[in-house]
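Morning, everyone. Please look at the model on the screen while I talk.

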Amino acid sequence: MDDTRVLRDPQLPTHWFNILHDRPQYVTSAVSRSRLGADAITAGHGALLQQPLALARQSLNTADRFIPIPDEVLDLYAQYRPTPLRRAARLEERLGANVRIYYKYEGANLTGSHKLNTAFAQAYYYSRAGVKHLVTGTAAGQWGTALAYACQVMNLGCTVFMVRSTLRQKPIRGDMMRLFGAVVHESPSDLTEVGRRVLKENPAATGTQSVANGEALELVEEDSESRFAVGSGENSVLLHQTVIGREAVSQMALLGEFPDCVIASMGAGSNFGGIALPFLGAAKDSGRSVRLVAVESAACPKLTRGRYLYDLSDALGTSPITKVYSLGSTYVPPPVYAGGLRHHSAGPLASAMRADGTLEPMDIDQLTSFRAGMLFCEAEGILPAPESAHAVAGMIDVVSAHPRQEPPLVVLVNISGHGLLDLGAYSRFAAGEIEPVTADEDSLSLSLSALEEFNQRIAEPAEAT
Amino acid sequence: METVINDYISREFVQDPALLPLADDASLLDSGILDSLSLLRLVVFLEERFGITMGDADLLPENFASVNAICAYLRAREPGKQEATHG
């Protein structure tokens, strides 16, 4: 594209921030799939990497603190970035707490969430690598919508497996993806062996991100020009999302502020990492400290109740075996409206941050999150996505505990998306029909046992020595 | 070259002692020794060790099927260079 036709705001970062430079210990810890014995082999079209090499390298790069954003991606970011950072003054008044609350709003782009930041980047790299079609799994639909649009922009085909419970909660998400040219399937589906296996066990299965990803991976194996794309968890995805935090660091500095605490919701880690990681870098540069709070759904409490063990990330069992905080890949969270928080594990990077105490986890139940989301809407005029409402609820918890006699607490919360496609859920909340939803204890117990058995199994060869 | 690559793969990726010592013609893909993460680490190692840059077109299964296959690929890529520089 002719650069003279694109007006880029000078506040738009030209580089992503790479935390692996500052903290190389966060490079993903993995064990070889050879530990799985005969199960290590999976059928496929022989692609050795799902990701283009340029993209995959980003997940291991410890050499470069800042990684340049390709010009074509910058031009696309310029459609909607920089995103606003605002002080939530009316919310401060409503809460009556001793705080200054700021929020970063990622919901104003066409697809309505932060997911577009990595969707554009990934579609760019896949397109340059000669890939023709991307297949993915999506939970709440924000990632699927963003990828569908990015694929349309980059002239790539797109197929999305969307978790059944959330697609039925908000079918309009599927409509949006189809509008952008994607083929959308409800997951579990009868199109794949993974889906058929789940449906055979339970025809009424609500679906999970793990199964949707497994179906996407199985479909990809049948077409050499297709690849699997993932919207969260991977280090490269968190890297792309650091445009959020890099902007926020600059915007806070213009206001003469540096947050005491940065808060975001936690699915697998992309919106949390996106806003939090650049503040880790900025804190290091300025000799300050910053508290990072990741807010997960009480229905899927991987950081607060999970185990830090090796696990697979998809139901097909083809993924690398990485060390993550997990509830086990067979855990089926109860259906909640925050579908983006239903992934059974945090990504490797967020998990490493939890393990060394850099990240502070908090779990919030659905009813509390909707109360917080409505309060935020009434005060600030933005209806947060159910996932973002968890972040707001976590923020209220943090600020409510801050003593009045101390200097005001400065907090920054990431509103990762809008909730305009979740009006039905908010209406149910207003009607008093939303209940607190916590983890499915039976499924959790079985899944954690299976996870521990899996780790014993892959550890056995080493113990034999 | 075979020794360098075999040593690296054995040390970094073969965590099952039953698979050691790793034969140069042993399958790296069917055994699960190479997956997407370990392959990427191997690519970075090969690039640094042999002074090359690899692209998506190089990541063919036949180039990474075994230690012998990797060496054949490297020799075919720039005949003589790897051996002359590092051999």
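I'll start with ground rules, then go from overall build to the core.

This is a predicted model: local features need pLDDT of at least 70, side-chain atom pairs count only at pLDDT 80 or more, and totals for chains, interfaces and linings use all residues. Residues are numbered from 1 along each chain as its sequence is written, chains are lettered from A and ligands numbered from 1 in the order written, and side-chain values use heavy atoms, without hydrogens and water.

Chain A first. It has 18 helices and 15 strands. Those are DSSP runs: H or I of at least four residues for helices, E of at least two for strands, numbered from the N terminus. The C-alpha trace of chain A spans about 60 × 55 × 50 Å along its principal axes.

What share of the 465 residues in chain A is buried? The answer is 63%. Buried means under 20% relative accessible area, with a 1.4 Å probe and protein chains only.

Now the inside. The largest nonpolar core has 77 residues. Such a core is a set of buried Ala, Val, Leu, Ile, Met, Phe, Trp, Tyr and Cys residues joined through side-chain atoms within 4.5 Å. W16(A), Y77(A), F272(A) and M353(A) have the most contacts inside it.

A second, separate core has 30 residues, including A56(A), L40(B), F45(B) and C71(B).

Methods. Buried means under 20% relative accessible area, exposed over 50%, partly exposed in between (1.4 Å probe, protein chains only).
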